Protein chains: 2
Amino acid sequence: MSKGKAVFYHAGCPVCVEAEQRVVEAIDARQYDVVVVHLGEARSQIADAEAAGVKSVPALVLDGTPFHINYGASLDDLK
Amino acid sequence: MSKGKAVFYHAGCPVCVEAEQRVVEAIDARQYDVVVVHLGEARSQIADAEAAGVKSVPALVLDGTPFHINYGASLDDLK
């Protein structure tokens, strides 16, 4: 089985950090290569996140499908 | 390492089903015993979900910490 791609987008907010620590660690590393992207520091990747359908952070994109986890900040607030 | 407990609450809605198929399968089964609860069919467990801090479905509770994933329906709408 080839590995899928999981991208966890966050912005360093408290809601993001808790989700990162719990959710990212819970993902099966045998199934997914997990990349964590801090959009506050990597603003060039905001467009990628938007293209994947991400509206707010924290969000987890599993093989291109976005899942918004709780609510920390709107993507618009990071621009 | 003893296994943690992951409970995925949903109500059969389309948003719930997509999250269940992707997110539940992505969880590392070596770390967590995953239980899926359909609150539309198991209304007696709505109180448990509320006690864990769940406000809407779909939601994933990892060792007691609730994470709301996208938005399908309010818990109040299921009562």
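Leaving aside neighbours within four places in sequence, A:Ser56 is in contact with A:His68, A:Tyr71, A:Ala73, A:Ser74 and A:Leu75, contact being defined as heavy atoms within 4.5 Å. The residue belongs to strand 3 of chain A; strands (E, at least two residues) and helices (H or I, at least four) are DSSP runs numbered from the N terminus. A:Ser56 counts as buried because its relative accessibility is 6%, where buried means under 20% relative accessible area, exposed over 50% and partly exposed in between (1.4 Å probe, protein chains only).

The model is predicted: local features need pLDDT of at least 70, side-chain atom pairs count only at pLDDT 80 or more, and totals for chains, interfaces and linings use all residues. Residues are numbered from 1 along each chain as its sequence is written, chains are lettered from A and ligands numbered from 1 in the order in which they are written, and side-chain values use heavy atoms, with hydrogens and water left out.

**Interface and core**

At the interface, 19 residues of chain B are in contact with 19 residues of chain A. The two chains bury about 1,700 Å² between them, 50% of it on carbon and sulfur atoms; this is the accessible area (1.4 Å probe) lost when the two parts are put together, summed over both. There are 2 salt bridges between chain B and chain A, each a side-chain nitrogen of Lys or Arg within 4 Å of a carboxyl oxygen of Asp or Glu. A:Asp28 forms a salt bridge with B:Arg30, with the closest N and O atoms 3.9 Å apart. On the side of chain B that touches chain A, helix 1 (14–26) and strand 4 (65–74) of chain B are the elements giving two or more residues.

The largest nonpolar core has 24 residues, of which A:Leu60, A:Leu62, A:Ile69, B:Leu60, B:Leu62 and B:Ile69 touch the most other members. Such a core is a set of buried Ala, Val, Leu, Ile, Met, Phe, Trp, Tyr and Cys residues joined through side-chain atoms within 4.5 Å. Not counting residues up to four places away in sequence, A:Leu62 touches residues including A:Phe67, B:Arg22, B:Val23 and B:Ala26.

**Backbone features**

Most residues other than glycine have a negative phi, and most peptide bonds are trans. The exceptions below concern phi or omega.

| Site | Feature | Value |
|---|---|---|
| A:Val57 and A:Pro58 | cis peptide bond | omega about 0° |
| B:Val57 to B:Pro58 | cis peptide bond | omega near 0° |
| A:Asn70 | positive phi | about 50° |
| B:Asp63 | positive phi | near 50° |

A:Asn70 lies in strand 4 of chain A and is partly exposed, with a relative accessible area of 24%. B:Asp63 is placed in the loop between strand 3 and strand 4 of chain B and is partly exposed at 44%.
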